[in-house]
Amino acid sequence: MARAGHARAAAATSRQLSAAATRRALIDAAAELIAERGPAAASVTAITERSGVSRGLVGWHFGSKDQLVVEVVERP
C-alpha cells in the first residue's frame, strides 16, 4: 500500500510541474506577442500557437485572455 501512495504523490507532483510549465509557456508567449503587437492584437490563437499548447488551456489556467494579460503585466 505504501507504494501506491508514493505513486499517487509522484503523479500529482508530475501533474503540478506540467501545469506550471504550461502556465509559464502561455505567459511567456503572451508577453512576447503583447510586446510585438500590443494586447488587443495578441490573439489567443497566436498565443497558443507560439506556446505550443491547446487553445482550451488558456481558459483552464486563466479563465480568459484578459486574466492572462493581467498575469503578464503583474509578473515579476
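Arginine 50 is partly exposed, with a relative accessible area of 36%. In this predicted model, arginine 50 forms a salt bridge with glutamate 32, and their closest N and O atoms are 3.2 Å apart. Glutamate 32 sits in helix 1 and arginine 50 in helix 2 (residues 44-51), so the pair ties together parts 18 residues apart in sequence. The structure holds 4 salt bridges.

**The network around arginine 50**

- Arg50 belongs to a network of salt bridges that also includes Glu32 and Glu36.
- Glutamate 32 has 40% relative accessibility, so this residue counts as partly exposed.
- Side chains of opposite charge can pair when their charged atoms come close.

**Glutamate 71 and arginine 23**

- A salt bridge joins the side chains of glutamate 71 and arginine 23, at 3.6 Å from N to O.
- This pair links distant parts of the chain: glutamate 71 belongs to helix 4, arginine 23 to helix 1 (residues 2-37), and 48 residues separate them.
- Glutamate 71 is partly exposed, because its relative accessible area is 25% and the buried class covers values under 20%.
- Arginine 23 is partly exposed too, at 27% relative accessibility.

**Arginine 75 and aspartate 28**

- The side chains of arginine 75 and aspartate 28 also meet in a salt bridge, at 2.8 Å from N to O.
- Arginine 75 lies in the segment after helix 4, while aspartate 28 lies in helix 1, so their pairing ties together parts that are 47 residues apart in sequence.
- Arginine 75 has a relative accessible area of 38%, which makes this residue partly exposed.
- Aspartate 28 counts as partly exposed as well, with 35% relative accessibility.

- Helix 4 spans residues 65-74, and its buried residues are Leu68, Val69 and Val72.
- Looking down the axis of helix 4, these buried residues fall within an arc of 100 degrees, so they line one face of the helix.
- An α-helix has 3.6 residues a turn, so residues three or four places apart point the same way.
- The exposed residues Asp66, Val73 and Glu74 sit on the face of helix 4 turned away from its buried side.

**Check yourself**

- Which residues of helix 4 are buried? They are Leu68, Val69 and Val72.
- Where do glutamate 71 and arginine 23 lie? Glutamate 71 is in helix 4, and arginine 23 is in helix 1.

Methods:
Residues are numbered from 1 along each chain as its sequence is written. This is a predicted model: local features need pLDDT of at least 70, side-chain atom pairs count only at pLDDT 80 or more; totals for chains, interfaces and linings use all residues. Side-chain values use heavy atoms; hydrogens and water are left out. Buried means under 20% relative accessible area, exposed over 50%, partly exposed in between (1.4 Å probe, protein chains only). Helices (H or I, at least four residues) and strands (E, at least two) are DSSP runs, numbered from the N terminus. The arc is that of the directions from the helix axis to the C-beta atoms.
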